[in-house]
Amino acid sequence: MGGACSRKRDPLANEDTSNRVGPSGRYTKSSSSKWLGTSFSRAYMDAMQGKRNRPSLINLCIYKIREDINKYSTFSMLPRDISQQIFDDLVYSHCLTDSVLEAFRDCALQDLNLGEYPGFDDSWMDIVSSQGSSLLSVDLSGSEVTDSGLIYLKECKNIQSLNFNYCDLISDKGLEQISGLSNLNTLSFKRNNAITAQGLSFLSGLISLIKLDLERCPKIQGGLVHLKGLEKLESLNLNCCNCITDADMKALSGLTNLKSLQIASSKVTDNGVTFLRGLSKLALLNMEGCPVTAACLESLSALDALLYLNLSRCNLTDDKCEKFSKLLSLKVLNLGFNEISSAILVHLKGLTKLESLNLDSCKINDEGMVHLAGLSCLKYLELSDTEVGSSGLRHLSGLLNLESLNLSFTIVTDGGLKKLSGLSSLKSLNLDARQITDAGLAALTNLTGLMHLDLFGARITDSGTNCLRSFKKLLSLEICGGGLTDEGVKNIKDLTSLTLLNLSQNNHLTDKSLELISGLTQLVSLNVSNSRVTNNGLQHLKSLKNLKSLTLESCKLNADDMKKFQSTHLPNLVSFRPE
Amino acid sequence: MKKEDTVKLISAEGFEFVIDKKAAMVSQTIRNMLTSPGSFAETEHGEVTFPEISTTILEKICQYFYWSLQYASGKETEFHIEPELTLELMMAANYLHT
């Protein structure tokens, strides 16, 4: 049921599967999995607006080579930068096969970005190895490569970056094979169920390591002691390693170059955090979902360089929250989903460098808002699912740098929204709340810079859509309150920048609406589920050549209609429903 | 055609191609040579010699320059490349940043 229910948009950071999402996931808001803010996923969408350029001669040659690829037996006579470009193109276009790969033997390639490439197994490692000392980076994530396959990397002494995320066939023995690659500065093996503490002992010689990613490795407890000598280490990701405990934090206490530490969903408690006091360069700490309380702030207040702190879904209560006032360097703070009340906001009052504050689902109400009034650097404020109402909004009216504000599922009413009318920097506004109506929207027409407007559950009717004409820069719009008819869609048809449009649940919409939408050729995602749209209406969407996702669930058409339409008119459509 | 509106491109074998300056500027490398003041003799004489590019390849490159201008003005035709030229052409294109 294409989003029939209102949704939460702040998934666990631990569920960050950005490398694994299928194509369809990229075009929906719910793919936003970064805890620092929603702006990242949107930046991606915004970047897709680029215009097509005339093809360079290099690219024309590359396409030609791809066409005739089986005619080439070797590229080893080419300069490296040329063969690298051919290789990258073949990977990108999924034209690399066993036999084609052979042509790249001894090409002195530097980068083999073969992550998630189908068919990549140990039999390819011989060619990988033949790049010899030229090879600088290898991505074999998601491949079938085994411990024995990694033996081939021994000769490639200059490798700096190695990634074998999601490689189920690599274990401690594999790590032994790479233990001599002393130039490695980046190593990543997410979601490995086989590697244990013993395996980590083979990392102790990788003295150049700067970045190490062990996300979702459930058996590495006790192994972090082997990292003690890695003095250059700046970034360590232990998210979702639910085996990690306070004792493991002790092993990290001497890694004073650490700038980024992620231990979300581990078993680390306040006691474990005390071992981090000496990490004076630490700028990012992610403890989402850890069983820590505000008592850990005592230890964190020693970290003068801390910019990003994620304490969402922890065990915070109002108790001991006064120590927040010591975290003066913070720019980004996430306190979502904790049992904290408005009483703690007074301790944030002095954090004047804050640019992003997340209070999602906390027991925050109007009383606390006064303490945010002085946070003039704030760009991103998340108040979803709080008890903030209209009277609290007046304290936000001076936050002139605010770019993103989420008021979904709050008790804010139409009357309060005029307090927001001066927030001229606002680009993203979420008013997904049932009590918001046309009158509230009318108070916001000054906000002409808005690029993202979410009115999912708001009761917007045709007359309210007149206000939408003010928002010419809109890239995404959601109005799913059930009150729209084809008449209202007339006011949407001129929002030609739109890339995402969700008009589902408006069950009066007919094929006429699709006809009106047909001029919105920038659209990448369209949802008109639960409407009276029929198979005949589909023809109006032929012009939407950029469309990647089309959802028409519970309409008057079936999966066969969709399939036929997709294959005949919109082959670029990667996700369509019903299917 | 005025002389200052054209440039002469000279191949490894000494074959000369006189083409519009506008077309030659499709190549970032040639553009730099012709526009950076004082740093290249080419700027003054409007002549560029390519000791590494054969006549066949240079001819193809000149064709591409004109094709590219057409493409930019909306005439999106296909640019044909003979299979036997591809690798050598690609190396030259790489050098010419085009």
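I take helices (H or I, at least four residues) and strands (E, at least two) as DSSP runs, numbered from the N terminus. With that set, I looked up Pro578(A), and its place is in the segment after strand 20 (575-577) of chain A. The peptide bond from Arg577(A) to Pro578(A) is cis, with omega near 0°.

Ground rules next. I work on a predicted model, in which local features need pLDDT of at least 70, side-chain atom pairs count only at pLDDT 80 or more, and totals for chains, interfaces and linings use all residues. Residues are numbered from 1 along each chain as its sequence is written, chains are lettered from A and ligands numbered from 1 in the order in which they are written, and side-chain values use heavy atoms, with hydrogens and water left out.

**Backbone entries**

I noted that most residues other than glycine have a negative phi, and most peptide bonds are trans. Then I checked two residues of chain A with positive phi. Ala108(A) has phi near 55°. I found Ala108(A) in the loop between helix 4 (98-101) and strand 1 (111-113) of chain A. Ser554(A) has phi near 50°. I place Ser554(A) in the loop between strand 19 (549-551) and helix 18 (559-569) of chain A.

For accessibility I use relative accessible area (1.4 Å probe, protein chains only): buried is under 20%, exposed is over 50%, partly exposed is in between. Ala108(A) has 24%, so I log Ala108(A) as partly exposed. Ser554(A) has 41%, so Ser554(A) is partly exposed as well.

**Interface entry, chains A and B**

I counted contacts (heavy atoms within 4.5 Å). On chain A, 22 residues are in contact with 20 residues of chain B. The buried area (accessible area, 1.4 Å probe, that two parts lose on being put together, summed over both) is about 1800 Å² between chain A and chain B. Carbon and sulfur atoms give 74% of that area.

I looked for salt bridges (a side-chain nitrogen of Lys or Arg within 4 Å of a carboxyl oxygen of Asp or Glu). The count between chain A and chain B is 0. Polar contacts are pairs of N or O atoms within 3.5 Å; within protein, one must be able to donate a hydrogen and the other to accept it, and residues adjacent in sequence count only if both atoms are side-chain atoms. I get 7 residue pairs in polar contact between chain A and chain B, both residues at pLDDT 80 or more.

Helix 2 (57-67) and helix 3 (80-92) of chain A each supply at least two residues of the side that touches chain B. Helix 2 of chain A gives the largest share, 7 residues. I sorted that side of chain A into 14 nonpolar, 3 polar and 5 charged residues. My classes: Ala, Val, Leu, Ile, Met, Phe, Trp, Tyr, Cys and Pro are nonpolar, Asp, Glu, Lys and Arg charged, and the others, Gly among them, polar.

Is Ser83(A) buried or exposed? Its relative accessible area is 0%, so Ser83(A) is buried. Ser83(A) is found in helix 3 of chain A. Its side chain reaches the backbone oxygen of Arg80(A) at 3.2 Å. Beyond neighbours within four places in sequence, I list Phe75(A), Leu78(A), Phe104(A), Cys107(A) and Leu109(A) in contact with Ser83(A).

Ser36(B) lies in the loop between helix 2 (28-35) and helix 3 (41-45) of chain B. At 21% relative accessible area, Ser36(B) is partly exposed.
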